[in-house]
Every structure is written in structure tokens, then in C-alpha cells.
Amino acid sequence: MREILIYERTGNFAGNKDIARDIRLNEILPYIEKEDIIVLNFNRVESATQSFIHALISDVIRTYGATVLEKLLFKDCDSKIQKVISIVSEYMQEPS
Amino acid sequence: MKIFLPNSVWIGNIDPFLEAMDMSNQNSLMISSHKKWVSVHPVVLTMVAALGLKMLQNQKKIFFEKMQATSKHYFERIGLFKLLKLDSEMQIKEHESSGRFIPIQVIKTPEQLDTFVSDMIPLLHMEKEKVEPIKYVITELVRNVLEHARSEIGAVVCAQFYPKSNTIRIGVSDVGIGIKESISQSYTPKSDAAAIILALTPGITGTTRKIGGTSENAGAGLFFIKSLAKVNRDFFMLYSGNAMYKLLREPKDKKIKLLEDPLKDHCSFEEKYPHWQGTVVGIDLCLTEHADFDELLDSIDKFYRQKRKEKIKSLFKKPRFI
């Protein structure tokens, strides 16, 4: 299992997409096939923008399909962050 | 170019101000103002500042007619003269700006945006829940400018809190390529108006036509911000090229439903304004109404679920019995 502490990268407001992209490219994608579980830990993060969450997970969902959400887990999310993650997951699974 | 700052401009009555702008002579900028009292939305300040910065960048002249209005000190304190390197001839004692306004700022990099967002929080002296949508709106709007606008001067931001109505008014302007050119990388809008409608439609981004957008752009940012204004029955405006879309306040008794087509919202939309090379966004956020940012997210989630359901339904083929 691999755990990524979002707060350490963003502080309490996750709004910088460059950081999200960096986490995705260097800490999620290279490990998605190697690890059984990847946990994105949002402990102490108070809010996140849709752009941040999109840059963090959309390409992972697109590349590996929605089943990747079985191994990509979101820990200690504030209810609003949970909702933003749900929205991004929702539109990424929209049929073409 | 000539701009006249009238007695009072807010999003609801901004149309005559825009129509009166004279953008013909790009070699100089003349700014004059109402003689007695000038009260303008921060979006107007960002527009004036953006045009002025563009003139400075191109080594063109700015003439700012000496202000006579009793409210002239506000323009000094909000940083307009300093930013445009003009002598206001005003000597004022600077007050601490906490809880009232965020002076006009120029943001050119994501790092500057991060610093700005964390620095502005103490300026507002508000509870976490109230600051949240403000941080959200400014981050998303400025990020749009940095990524898509190619604005030489960056993004110009300003905000003002009005305690009486408990409302914060925010403006973000740039003098970049504008929405039409930006969105034309993936779509072919025939006019500024068509481009604005595309930009406000969820799932449409200038970077791709793929469902879900690219790895970094979903085409949802402006839809989220417009929705924030709609859910809270506030004003929102988007002006680029010759067109302006203005979300009007929803009547209090009307149930709010988020819609995919921005023209189906309670809005005004015209393509008759002087050409603004770049993009201007203004929004009002009533902080009393904003107690629940959750409500917005629920509405957006519901919207996307419904959209997905409709899409699946449209793809479903019934057997044809002949």
C-alpha cells in the first residue's frame, strides 16, 4: 500500500493544479500497477478546487478505467472534498 | 481609448458603462470620472488597471483627469494610481485594509497566486466557511487567465467587501487572446457570443473535444463559478470581445436548478459592446447566503448525475419489431 499525504504538498487549501499534476505523474501513475492500494490522504486539507481534483485523478481514471477507483482510495476527506471528488469521478465516467 | 468612471457601477447596471467605453485610439488612454461621487464594482477597477498596464507595457500614454469626487481617496487606497505609476496628488493616511477590500493585484504565476490566496485570508477577517468560496472563485478565475489567456500583463484581481449587504464583489480581468481565440483551439465559434456560450457550457474546454477534457482541463471551471452565483442568487458577468453574458439574480421564490445551456438561465446576453481584447469576469457573493458551500456541490453533483443518466438513456437502443 502506498499513502500520499496531500496536506504536505498543498497546505490546507488544495488549489494549485501544478502540484496535483506533479502528484499524479510522480506519485500515482508510476505506482498504480505495482501497488495493490494507493491512498490519497486529505487529512488537514480544508478545501480543494474542482481543477485540483481533476488534475489529480482524471487522467488516472481515463487511463485505467473506472475500476481504478477500487484501488485508488481517498482518506480523511472533508465532506466538501468528498463531493468534489465524486463530481470529478462522475463526469469522468460519462459515456462518450 | 477613453473611459469615464460614472457615479455608480455594479454588475446589475454595468451595461451603459461598457457601451460608453471608447476603445478606438489604442495609442493613449484617457480616464475621467464623475465630479461628485464615484462608486464602482471591483471588476471596473480591474478593467481600468488592465488597460492601463497594457498601455505602460507598450510605452503608451495614460491621462487620468484629476479626480474631484469626494470618494477619490478610495481609488488611491485600492492601489489604482500606484499600479499605473500615476501621481494622484493625494496625501492620505493609509488605513489597514482588513475586512474591507483586497487592493488591485497583478498575478502572473501560479506561485504568486498561491501567495495571494494565503495572504488575502487575513485581509478579509472572516470565518473559514465564508472565505472558502472566495478562495475558490479567485483561484479558478486567475488560473484560467494564467493557463489560457496569454495575457502579457497577467491577471488583474480586486475585491471589495460591502458590510451592509454582507456581499463580496470580485473582479478579474486580462488583456490576453480572449475566449474566442482560446476556445478556437478545439471548437469553431463564429462569434465572441458563441465562444462565451461554449465557455460556460460544462464539459467544453478549449484544449480538447474529448469527454472529460484533458488531464488538466475539464471545462468545468466557469460552470462551477456561474453555478455558485446562481445557487446564491447573485450576479455574475463574463465579457470578452464584443459580447457580454450576465447572470441575473434569480427571483427569491424560484427553485434553483442548474442547467447545461447558459442561455436558459435568468440572464442577459448581447454582442454590442466595444471590443475588449481579453476577458473580464465579475461576480458578487452574498456571504449570508453562502453559509452552505455544500449546497452548491450537491447541486453540481446532481446535475452531472442527471446528465449522465440522460446520456445513457439517449444511447440506449430499443429493439425494433417489424
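This is a predicted model: local features need pLDDT of at least 70, side-chain atom pairs count only at pLDDT 80 or more; totals for chains, interfaces and linings use all residues.

Author: Residues are numbered from 1 along each chain as its sequence is written, and chains are lettered from A and ligands numbered from 1 in the order in which they are written.

Reader: At what angle do the axes of α5 and α6 of chain B cross?

Author: Axes are lines fitted to C-alpha atoms, for helices over the stretch in contact, with angles from 0 to 180 degrees between N-to-C directions. Helices (H or I, at least four residues) and strands (E, at least two) are DSSP runs, numbered from the N terminus. In chain B, the axes of α5 (residues 110–124) and α6 (residues 128–149) come within 10 Å and cross at roughly 155 degrees. That makes α5(B) roughly antiparallel to α6(B) (angles over 145 degrees count as such).

Reader: Which residues of α5(B) meet α6(B)?

Author: Two residues are in contact if their C-beta atoms, placed from the backbone, lie within 7 Å. B:Pro110, B:Leu113, B:Val117, B:Ile121 and B:Leu124 of α5(B) meet residues of α6(B), among them B:Val131, B:Ile138 and B:Leu146.

Reader: How should I read the two faces of a strand?

Author: In a regular strand the side chains alternate between the two faces of the sheet. In β3 (residues 38–41) of chain A, A:Ile38 and A:Leu40 form the covered face, and A:Val39 and A:Asn41 the uncovered one.

Reader: Which strands pair with β3(A)?

Author: Two strands pair if DSSP finds at least two bridges between them. Four bridges join β3(A) to β1 (residues 2–5) of chain A in parallel, and β3(A) also pairs over four bridges, in the parallel sense, with β5 (residues 72–75) of chain A. A:Asn41 is the bridge partner of A:Leu5 and stands opposite A:Lys75 in β5(A).

Reader: How many residues does each chain give to the contact?

Author: Chain A gives 28 residues and chain B gives 32. On the side of chain A that touches chain B, α4(A) gives the most, with nine residues.

Reader: Is B:Tyr245 buried or exposed?

Author: A residue is buried if 20 or more other C-beta atoms lie within 10 Å of its own, exposed if 12 or fewer, and partly exposed in between. B:Tyr245, in strand β10 (residues 243–247) of chain B, is buried because 24 other C-beta atoms lie within 10 Å.

Conventions. Angles under 35 degrees count as roughly parallel, over 145 as roughly antiparallel, 65 to 115 as roughly perpendicular and the rest as oblique.
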